[in-house]
Amino acid sequence: MVHVPRSRTGPPPPPDGHVRRRALEVVLDRGQDRDLVLLSAPPGFGKTTLLASWVGDDHGQATAWVCLEPEDRDPRRFWSAVLEALAALSVVPASSRLHRLTVSRSTVAAEFLAELTEALAALPSPVRLVLDDVQHLADPLSRQGLAMLLRDAGDRLRLVVAGRRDPPLPLPRLRMEERVTELRADQLQFTPEESAALLTACGLDLAPARVAELHDRTGGWVAGLRLAALSLRDHPDPDRFLEGFSGDDRPVADYLVDEVLAGLGDVQRDVLRRISVARGVPSALAGRLTGREDAAELLDDLARTTGLVAGSGAPGDPYRLPELLRSHLVADLGRRGLALVEELDTVAAAWWSEQGEPVEALRHAARTRDPALLADLVGRWGPRLAGRGDHDALAAALAAAPQAPPDARLATAAAQVHLVRGDHAGVREALRRAHRAGDAAGDDATAFRTATERIVGRRLPVSPAEPVPADPVLAAHVRIGRGAAALLADDAARARAELGSGLALAHRHGLDVLTLRGRCLLAVALWTAGDVPRARVAADRALAGPDADGPGGAPWAAAARAVVAHAALLGGDPAAAEAAASPTPEPVAAVRFARRCARGGVAFDLGERTAGLLELQAARAELGDVAVPGALAVTAALLEHRAAVALGHPTAAGAVAAWLAARRPASPALALMRGWSAVAAGDHAVAREAVAPLVARRPRPTPDALDVEAWLLESAGRLARHDRPGARAAARHAVDLAEPVGVLRPFAHAAAPVRALLVDELAAGAPRAAFVARALAAGATSPAGIALSGREHDVLARLPSLESLDEIADDLAVSINTIKTHVRALYGKLGVTTRRDAVLVAHEQGLLG
């Protein structure tokens with residue numbers, strides 16, 4: 001019988017810095033009643049240490065341990081070690097045949113294996129046999145004997161096997177019969193928490209970010225972590241070490257060569273070396289990189305037998321190498337010639353581009369030092385990457401591109417990168433380079449550059465002959481660029497049409513960044529066209545997107561917030577308007593002007609009238625000669641003019657009217673301003689004459705606040721002429737125009753007699769009652785200064801119904817005299833003398849909602 005050293009028949013002691021892996025030990029505990037426990041992974045994944053720790057807590061189960069060596073290819077050595085380890089167990093009685101069995105000096109006969117199996121089956125209690133480094137088991141008879149033990153020893157033997165590749169056992173059948181528990185490389189790799197514990201146990205005190213970086217770099221490979229820890233322990237600059245740590249570091253490289261790659265053939269090594277240029281390698285790419293039709297079969301075999309390769313090669317599950325091994329192979333490939341590396345990267349770039357995966361294509365192209373390939377790929381995929389937000393991939397490709405001669409495709413892509421980072425100076429410089437490069441790159445490059453220029457605010461008119469590209473992604477950029485140009489040209493209808501088409505394309509093709517910009521611009525276009533409700537919806541939807549608050553979305557999000565602010569102001573919600581108009585740094589003068597005007601309107605509506613007027617005047621002064629959309633100029637002028645008139649400053653009112661006349665000489669808003677000024681001067685006849693063209697206008701599909709204001713002024717004029725029925729009809733018409741678009745602010749600033757007329761619309765069942773209640777409450781102040789009793793609140797709530805006092809008394813089950821007493825008290829607290837005025841003041845004070 002062959003002599004067996006004691007070191008082979010017992011578990012090794014734990015290494016320094018041992019980390020107990022309780023979660024995996026629980027998995028092993030759950031599988032200990034199964035016939036086979038298998039740990040299969042490449043070297044350095046802690047298989048032996050895990051098993052030694054687990055069997056140390058033997059849970060009352062006797063365990064025989066055999067550590068195999070290369071010499072165990074001789075079946076006599078192997079079976080001698082197994083027999084000695086089993087016979088040494090205390091649970092094996094002296095009468096057991098295990099004590100009498102011997103291994104022949106010449107060969108291991110089938111009879112010996114049968115007797116060993118029978119002896120195990122006859123044991124009084126189960127035993128566990130651990131075979132470590134089972135990859136050394138090569139002799140067919142030894143393999144056959146192992147399968148025989150597993151098959152015939154019954155419930156007396158639990159076999160635990162660990163190795164660098166799967167043992168020659170019927171694993172598919174064992175899995176199907178649920179007789180095997182397996183742990184493989186993806187389960188044996190350390191978790192981030194275990195990596196941190198190991199590094200701490202090795203005496204290292206690293207920042208959490210560095211620990212996470214080292215874990216990612218090693219992929220949780222235990223040997224890699226230990227090798228890194230050894231190098232770090234005495235390294236004078238840990239940060240510098242970690243920046244360059246890879247599989248080509250000497251200790252790691254030596255381990256990989258001696259332990260991991262040593263058992264592979266030349267063909268296998270060459271296949272791994274060639275696929276190492278890519279992080280993930282689908283089977284079709286593996287064939288291209290290696291030039292072998294059987295590449296997938298070779299990789300599948302390595303995945304199955306060694307665990308060095310993960311994945312199946314399917315499109316959703318590409319082949320992957322451990323990161324340290326991959327970086328070692330890449331370095332080894334480079335030592336064989338940079339031309340070979342560049343050739344493989346060129347193949348990979350072309351393949352990924354064919355599959356519609358531009359990020360991977362550009363990553364490989366950036367390493368080829370081929371400027372033509374890089375420019376072609378950026379030209380083809382730049383619009384898609386910029387539109388969907390993959391700017392880091394574009395930036396990495398551009399960093400590898402030569403700066404000269406200039407290329408319009410690269411320069412436009414650079415402009416898009418600067419744009420999403422909020423670097424507006426960089427955008428301007430990149431677009432200048434794109435212009436200097438000319439149109440040599442082709443029509444698509446010119447179309448992308450033009451679309452980019454329009455989206456950033458350059459006034460480039462759209463020619464009727466300008467084609468829309470066939471590529472839908474580029475067409476989305478072009479359409480949204482045209483929409484931006486139409487907005488600057490004050491063509492809201494054209495802007496809505498172009499933006500709608502562009503957004504449909506952008507959404508269909510997952511261009512999230514472009515969609516955000518298009519939605520913000522569409523909100524502006526809808527607001528410009530007077531469709532305030534839809535503008536508010538579009539703006540809110542844009543601002544709800546994940547990128548709205550990033551530097552790349554800021555200019556467009558600011559425009560959307562300006563829309564929200566003005567829509568809320570017009571809707572009688574100054575608090576929401578104030579939140580949306582909060583001051584932030586804004587590079588676009590028109591957007592800055594819009595939000596500042598909204599803040600002025602908010603201040604005025606919240607009672608800080610002088611401050612509001614000053615803010616509106618300052619906004620106009622800051623704007624200077626900068627052109628803004630006509631709708632914005634009209635809105636700003638109306639806000640400022642109304643504030644000036646209300647505060648009794650006719651000169652200031654005249655100044656803003658002159659400003660608007662210079663910018664929009666045909667604007668109908670000028671007539672409204674003349675009407676307001678005439679009313680302030682007490683000349684209602686001139687006011688009616690001024691707004692006559694407005695009230696005579698043909699009804700429009702989307703009426704705006706100007707129409708509402710004109711009819712409210714008409715109502716005031718009719719009241720001045722004592723035409724109460726005409727005034728009521730005009731006020732009702734104003735309500736009918738305002739309700740579909742949610743316009744409330746004009747009612748908050750309407751003349752008190754006109755507001756009093758609307759009280760009659762609050763009667764129960766009246767068709768306009770709900771909206772009129774909101775209109776009368778628009779701009780309501782806090783009711784804190786007026787204290788009402790509970791019964792007074794009950795009476796006040798019934799006054800808008802126009803029920804008689806007797807009916808109110810019946811409803812509340814009190815006497816008519818009690819109701820009259822409460823009404824007199826209400827009139828006194830509200831400072832009114834009539835029921836209609838009581839209702840109006842109650843709305844204005846926020847006592848009715």
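Me: How do you know which residues and atoms count here?
Reply: Residues are numbered from 1 along each chain as its sequence is written. This is a predicted model, where local features need pLDDT of at least 70, side-chain atom pairs count only at pLDDT 80 or more, and totals for chains, interfaces and linings use all residues, while side-chain values use heavy atoms, with hydrogens and water left out.

Me: Why is α25 called roughly antiparallel to α26?
Reply: The axes of α25 (residues 492-508) and α26 (residues 512-528) come within 9 Å and cross at roughly 155°. Angles under 35 degrees count as roughly parallel, over 145 as roughly antiparallel, 65 to 115 as roughly perpendicular and the rest as oblique, so α25 is roughly antiparallel to α26. Axes here are lines fitted to C-alpha atoms, for helices over the stretch in contact, with angles from 0 to 180 degrees between N-to-C directions. The helices themselves are DSSP runs (H or I, at least four residues), as strands are (E, at least two), numbered from the N terminus.

Me: What makes up the contact of α25 with α26?
Reply: Contact means heavy atoms within 4.5 Å. On the α25 side you'll find A492, A495, R496, L499, L503, A506 and H507, and in α26 they meet residues including L514, G518, R519, L522 and T528. By class, that contact has ten nonpolar, four polar and two charged residues. Nonpolar covers Ala, Val, Leu, Ile, Met, Phe, Trp, Tyr, Cys and Pro, charged covers Asp, Glu, Lys and Arg, and the others, Gly among them, are polar.

Me: And what makes α12 roughly perpendicular to α16?
Reply: Helix α12 (residues 250-260) and helix α16 (residues 323-335) have axes that come within 10 Å and cross at roughly 95°. That angle makes α12 roughly perpendicular to α16. V252, A253, L256 and V257 of α12 make the contact with L324, L325 and H328 of α16. Six of these residues are nonpolar, one is polar and none is charged.

Me: How do you know that C597 is in no disulfide?
Reply: A disulfide is a pair of cysteine sulfur atoms within 2.5 Å. For C597 the nearest cysteine sulfur, that of C520, is 20 Å away, so by that definition C597 is in no disulfide. A search of the whole structure finds zero disulfides.

Me: Why is C597 called buried?
Reply: Buried means under 20% relative accessible area, exposed over 50%, and partly exposed in between (1.4 Å probe, protein chains only). C597 has 1% relative accessibility, so it counts as buried. C202 is buried too, because its relative accessible area is 11%.

Me: Why are V37 and E714 called buried?
Reply: V37, in strand β1 (residues 36-40), has 2% relative accessibility, so V37 counts as buried. Leaving aside neighbours within four places in sequence, V37 is in contact with L28, G31, L159, V160, V161 and T181. E714 lies in helix α36, and its relative accessible area is 3%, so E714 is buried.
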